[in-house]
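Morning, everyone. Please look at it before I start.

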Amino acid sequence: MKPRFRQSMNWLHTWTGFIFGWMLYFIFVTGSVGYFENEIDRWMKPEMTIVNQVIDEQQVLKSAEYHLNILAADSPEWYISFPAARSPFIGISWLQLANSETNTPRAWQEKNLNPSDGSAVDVRETGGGRTLYRLHYNLHYVPKVVAYILTSVAAMLMLISLITGVIIHKKIFIEFFTFRSKKGLRAWLDIHNIFSVLPLPFHLMITYSGLLLLMGISMSTVIDTTYGEGRKNHNQFYKTAHLDIKERQFLELPPSELSLKSVLEDAGNRFKKQKLSYIGLKSRGTKGEHYDIWFDDFEGIKSVSSVEYRVKGQQVEIEVSRSKVGKAASVYEFFEHLHEGLFADIYLRWLYFISGLLGSGMIATGMVLWILKRQKNAGKPNKIKFVELIERINVGIIIGVPIAIAVYFWSNRLIPISQVTRDEWEVHSLFISLIACISFCLIRPKQNIWKEMLWLAASVYMLLPVLNMFTTEHTLISSIQKSDSLMLGFDLSMLFFGICFAISGITVNKKSTKGITTNNLVPSPN
Amino acid sequence: MIFSEPVLIILLILLLMVGFTLLSLSLSRHYSHVTDKRQRLANKTKLLLRFIGYSLLIISAIISEKVWGIALGGVYWFATTMLVATVLSIILTYKPRWLSFIPLYFHR
């Protein structure tokens, strides 16, 4: 490889990484958290009752319908969700239409059903795990389209960083497994290599698929020229491109008997091996009223993902969507499934999550390396000041983002349930604490910031199970007794992360005046 | 399949672990860390280690495809290689002596 080429790849790697480094770190952390979105939801809605035993689906349907008839009499869309592996709850939700007389806005409402007595439980207003993970592409405080464009550009630069990183990481097969950790710059480079090279398949997949998922925005001009501008034309494109291959069949059932009950029965008989996830009643009360059924199995080229029941003419028709018409749409869907990992079992899910965290670590160590290299070649005092500023903000973000996420969880327990906009304030507190962390790092003495931030992170995570215990009836013991594995898993994971931060805080060498260069984060082997 | 899924996952991990370990030992840098400095990596040993190593990787890929299909099987295979490579690099960095029994076996 020519030295000039390698140098320019090095330059490109450094600067594409630098431009959106902080935002990409935020995206990777919040995205990784998303692989446990359901589990986080469970913790953030502690009022929900766990369904541990086998339930009678028809019985559940009956009590769900009972509540929906009272609460959602005018609603055009009803959904009833059944217990699934990662969401062992019974829930009802409906679209509440805007009503100018009673001043109610258009909103989705949901309630949790208690399986033992069929009663409806009020669940606190919260963004939950879903909002947290959506931050990784919707960002916040900006219009969605702006966020998509920013995220898309960041992903493109990420891809360039990855590929240039592979190019400059020569000696792939001599160094693949060698990560000699010594002190100083070399140690940080070694860690950066571990975090980058070992999960490389994941990094390439997640970045490329992420770009694909946003291609509708980043390449929207292509749709403009072929279908025309504007939302309506773009929707037409999506409808055509993502057309499903549908199998249709008429049922023996008379149209008058088409109801939630009969749909549930027919679907259960037809798809015996599939576990029911949702049943939905859409366009309720109109001529186009139809029923949707979803199953728990998402990926799987051969499994059914959605089924529709509707009245056509004098008969009831069932429409099963199996796969896409277009090959391009199939490829897109494959990458979408890979990115979202909805198909993943517990083993793959933890690997997805850990790979995401390693990716965050890759970005973080990259940012640290940028600082170290510039400290080594320190020159004019202006430049030194600038590098120090970046260094401080670095720490604020690298440890601050995890702290902010923990604060999001704290706010879920501390903001009063009666507060109307509590879901918005949960997210506000995430960003307020992030700003606070960065500000903290800007004012504290430079040699202390890593240690203090790590201890802050340790406390805020380790105390979460304690907070849970004091603000709800869920303690570690009670979760074990009730077999509430999601609640228990969350509490224990928070404890584990807190301990990891504490260990890091202990091993950070406070005495180093050079800040992080003589950091003992990775002890050298014998 | 005859075995349950957790068992198959463990099998995949074991096959890939052994495969990658043998492959890493076929590199002289790692071989010398794991053994005494006196033992040099003979050409015959190197080829044998690489042959068995790659074979195990290929076998594990075929098993993965048979059990889960090409798409999901690919995900399991790549995910497990990442896991195994990470664990192996930690062992090679901090506790290379744990692997010292392998060159001894090959030298007999």
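In what order do the nine strands of the open sheet in chain A come? This is a predicted model, and in it the order runs β4-β3-β2-β1-β6-β7-β8-β9-β5, with antiparallel pairing. At the edges sit β4, residues 120–121, and β5, residues 244–251, both of chain A, and each of these pairs on one side only. As a reminder, strands of a sheet pair through backbone hydrogen bonds, either parallel or antiparallel.

Take one pair from chain A. Strand β1 covers residues 78–81 and strand β2 covers residues 90–96; four bridges join them in the antiparallel sense. One of the residues involved is A:Ile80, whose bridge partner in β2(A) is A:Ile92.

Now the domains. The assignment for chain A gives domain 1 as 47–123 and domain 2 as 378–526. Between their C-alpha centres there are 36 Å.

Next, helix α20 of chain A, residues 464–471. Which of its residues are buried? They are A:Leu464, A:Pro465 and A:Asn468. Viewed down the axis of α20(A), these buried residues fall within an arc of 100°, so they line one face of the helix. What they pack against is α17 (400–414), α19 (449–462), α21 (476–481) and α22 (485–507) of chain A.

Of these neighbours, I will look at α22(A). Its axis and that of α20(A) are 8 Å apart, and the two helices pack at an angle of about 140°. That angle makes α20(A) oblique to α22(A). On the α20(A) side the contact is made by A:Leu464, A:Pro465 and A:Asn468, and on the α22(A) side by A:Asp491, A:Met494 and A:Leu495.

That is the end of my part.

Notes
Residues are numbered from 1 along each chain as its sequence is written. Chains are lettered from A and ligands numbered from 1 in the order in which they are written. This is a predicted model: local features need pLDDT of at least 70, side-chain atom pairs count only at pLDDT 80 or more; totals for chains, interfaces and linings use all residues. Two strands pair if DSSP finds at least two bridges between them. A residue is buried if 20 or more other C-beta atoms lie within 10 Å of its own, exposed if 12 or fewer, and partly exposed in between; C-beta atoms are placed from the backbone. The arc is that of the directions from the helix axis to the C-beta atoms. Two residues are in contact if their C-beta atoms, placed from the backbone, lie within 7 Å. Domain bounds come from an automatic or database domain assignment. Axes are lines fitted to C-alpha atoms, for helices over the stretch in contact, and angles run from 0 to 180 degrees between N-to-C directions. Angles under 35 degrees count as roughly parallel, over 145 as roughly antiparallel, 65 to 115 as roughly perpendicular and the rest as oblique.
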